Amino acid sequence: MKTSAMRKITLTINFILVLALIARSQSYQGTVGYQKKDEKAIIIEFPYPASVVEDAIVDKMEKLGLKKKESKGFLVYKNAILTDISSEPADYMIKVERKSRKDRDESIVYLLISRNDENIIARSDALINSNAKTFLDRLSPDVDAFNLEVQIKDQEGALSKAEKKLKGLRDDQESMEKKIRKLQDDLKDNAKDQQNQQKEIEKQKQVLDSMKAKRKTS
């Protein structure tokens, strides 16, 4: 009975996680401002800062052999072939920005596809649009992995900084302990010097008393 119940709970949790991933990575069609006009675009959102998402996309495109150019806030890949979208060359324009002022750790990605100055997405090419959405949806694992590497690098930096601080504190401790040992040695030397000086004072007193004793009494 317990095993059966646990299986049901596990399946339910897995189903919820799958639904959450699907909902999060679902791309859709919308518009974006480009060259002073609202252009049809494929859009997807990510729960990461825009800088991380943009770097992840640049990294992904480089692995596909495509080098970026930048123009007015867009990553531009001119006359490029993305076989996942189309076997024919096209101009791919990608814009990544923060979702809103409040959502600093969430970003939105816009994908424009143009060929011979024609917006292919606006042409309502069902296959191209479907492929473009699938391409963006499949970016999620790449962005997740890239963000994890960024977090790992940041954590390594934080760890290195903490270790460096600890080393500095230990060095300070060693320096202070040396100073303490020197002060302790100085205290011992000082105590000996006081004892010797006290003996010298006693000696000088005896000499003085002896001199005074030689005074003629009237």
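**View 1. Helices α2 and α4 cross in a right-handed sense.** A crossing is right-handed if the near helix is turned clockwise from the far one by less than a right angle, and left-handed if anticlockwise. This is a predicted model: local features need pLDDT of at least 70, side-chain atom pairs count only at pLDDT 80 or more, and totals for chains, interfaces and linings use all residues. Residues are numbered from 1 along each chain as its sequence is written, and side-chain values use heavy atoms, with hydrogens and water left out. Helices here are DSSP runs (H or I, at least four residues), as are strands (E, at least two), numbered from the N terminus. α2 (residues 50–63) packs against α4 at about 115 degrees, and the axes are 9 Å apart. Axes are lines fitted to C-alpha atoms, for helices over the stretch in contact; angles run from 0 to 180 degrees between N-to-C directions.

**View 2. Side chains from α2 and α4 meet.** Contact means heavy atoms within 4.5 Å. From α2 come residues including Val52, Val53 and Ile57. From α4 come residues including Leu139, Val143 and Phe146. The contact residues divide into 8 nonpolar, 1 polar and 4 charged. Ala, Val, Leu, Ile, Met, Phe, Trp, Tyr, Cys and Pro count as nonpolar; Asp, Glu, Lys and Arg count as charged; the others, Gly among them, are polar.

**View 3. Helix α2 has buried residues.** Buried means under 20% relative accessible area, exposed over 50%, partly exposed in between (1.4 Å probe, protein chains only). Among the buried residues of α2 are Ala50, Ala56, Val58 and Met61. Their cover includes β2 (37–46), β4, β5 (90–98), β6 (107–115), α3 (126–137) and α4. Just after α2, Gly65 takes a positive phi of about 85 degrees.

**View 4. Helix α4 runs from residue 139 to residue 213.** It has 75 residues and reaches 109 Å from first C-alpha to last. That is close to the expected 111 Å, where the expected span is 1.5 Å times one less than the number of residues. Leu139, Ser140, Val143 and Asn147 are buried in α4.

**View 5. Tyr34 and Phe74 form an aromatic pair.** The structure holds 1 such pair. Rings of Phe, Tyr and Trp (its six-membered ring) pair if their centres lie within 6.5 Å; planes under 30 degrees apart count as stacked, over 60 as edge-to-face, the rest as tilted. This pair is edge-to-face, at 5.0 Å centre to centre and 75 degrees between the planes. Tyr34 lies in β1 (residues 28–34) and Phe74 in β4 (residues 74–80), so the pair ties together parts 40 residues apart in sequence.
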